[in-house]
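Dear colleague,

I am passing on the structure below, and after it you will find some notes on what was found there. Please read them with the structure open beside you.

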Amino acid sequence: MIVNRVDVDKFGEALYKVEDDLSKTKKIVEFEGNWEIGKTGPQFSAKINTEKGGEFLIQSDETIALGGGGTAPNPVQYGLYGIASCFAATFAKWTAMEGIELNQFKVKVRANMDMSASFGFFQEPVAPIYEHIKLEITIDSGMSMEEIEKYNEITKQRCPCYYCLTTAIIPEIVFKKEGQEPLVESLYPEKLVEVIRTVE
């Protein structure tokens with residue numbers, strides 16, 4: 001049965017399979033992208049596999065002000081799109097599981113940014129690149145405001161992209177060069193910057 005564009009039967013089956021063994025909820029997401037040196041058009045591309053839709057070519061291009069060509073969505077737009085779509089999917093899924101129907105669910109994203117660091121300018125106190133992110137959601141449903149607030153909280157707890165946005169996650173960064181040992185400074189990104197500048 002499909003509710004809110006969610007296959008509640010398939011999701012229900014998945015919940016049943018993992019409820020007694022949470023190790024089954026672990027997964028790895030992996031893909032490889034390429035900075036398209038020597039080409040025109042989008043600067044970065046990656047081929048990403050889907051379960052039923054085959055392989056998708058995803059491309060991005062920086063804004064003209066940041067040295068790109070503006071020929072494709074930029075990385076910031078993709079990041080904000082990921083947050084909005086993941087939040088919508090999580091809200092739709094958990095309301096669907098309770099039989100609550102949504103007639104409309106629109107997410108408008110607005111990010112106030114300070115790009116001074118992106119241009120290499122730093123000041124004290126440090127200016128955050130993201131000053132404010134707002135998700136303005138238009139919903140058409142028979143839900144009361146109390147129910148909306150309840151599922152808003154559930155969504156914030158269970159949405160992977162909202163978690164990434166609100167939790168300090170330091171990525172492991174490994175630089176590899178043929179014939180040399182990998183450069184790994186995952187827990188101390190400021191030291192990695194120092195090493196790179198020394199090499200330059």
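**Contacts, core and rings**

Leaving aside its neighbours within four places in sequence, Tyr 151 is in contact with Phe 91, Trp 94, Thr 95, Glu 98, Ile 100 and Met 143, where contact means heavy atoms within 4.5 Å. This is a predicted model, in which local features need pLDDT of at least 70 and side-chain atom pairs count only at pLDDT 80 or more, while totals for chains, interfaces and linings use all residues. Residues are numbered from 1 along each chain as its sequence is written, and side-chain values use heavy atoms, with hydrogens and water left out.

The mean pLDDT (the predictor's confidence in each residue, from 0 to 100) is 92, and 92% of the residues reach 70 or more. Over residues 192-200, however, the pLDDT is below 50, and this stretch has 6 contacts in the model beyond near neighbours in sequence.

Both Phe 91 and Tyr 151 are buried, that is, under 20% relative accessible area with a 1.4 Å probe and protein chains only. Phe 11 also counts as buried, because its relative accessibility is 19%.

There are 4 aromatic pairs, meaning rings of Phe, Tyr and Trp (its six-membered ring) with centres within 6.5 Å, called stacked when the planes are under 30 degrees apart, edge-to-face when over 60 and tilted otherwise. The rings of Phe 11 and Trp 94 are edge-to-face, because their centres are 5.3 Å apart and their planes are at 80°. Phe 91 and Tyr 151 are likewise edge-to-face, because their planes are at 70°, with ring centres 6.5 Å apart. Phe 91, Phe 105 and Tyr 151 form one aromatic cluster.

Methods
Buried < 20%, exposed > 50% of the residue type's maximum accessible area, 1.4 Å probe, protein only.
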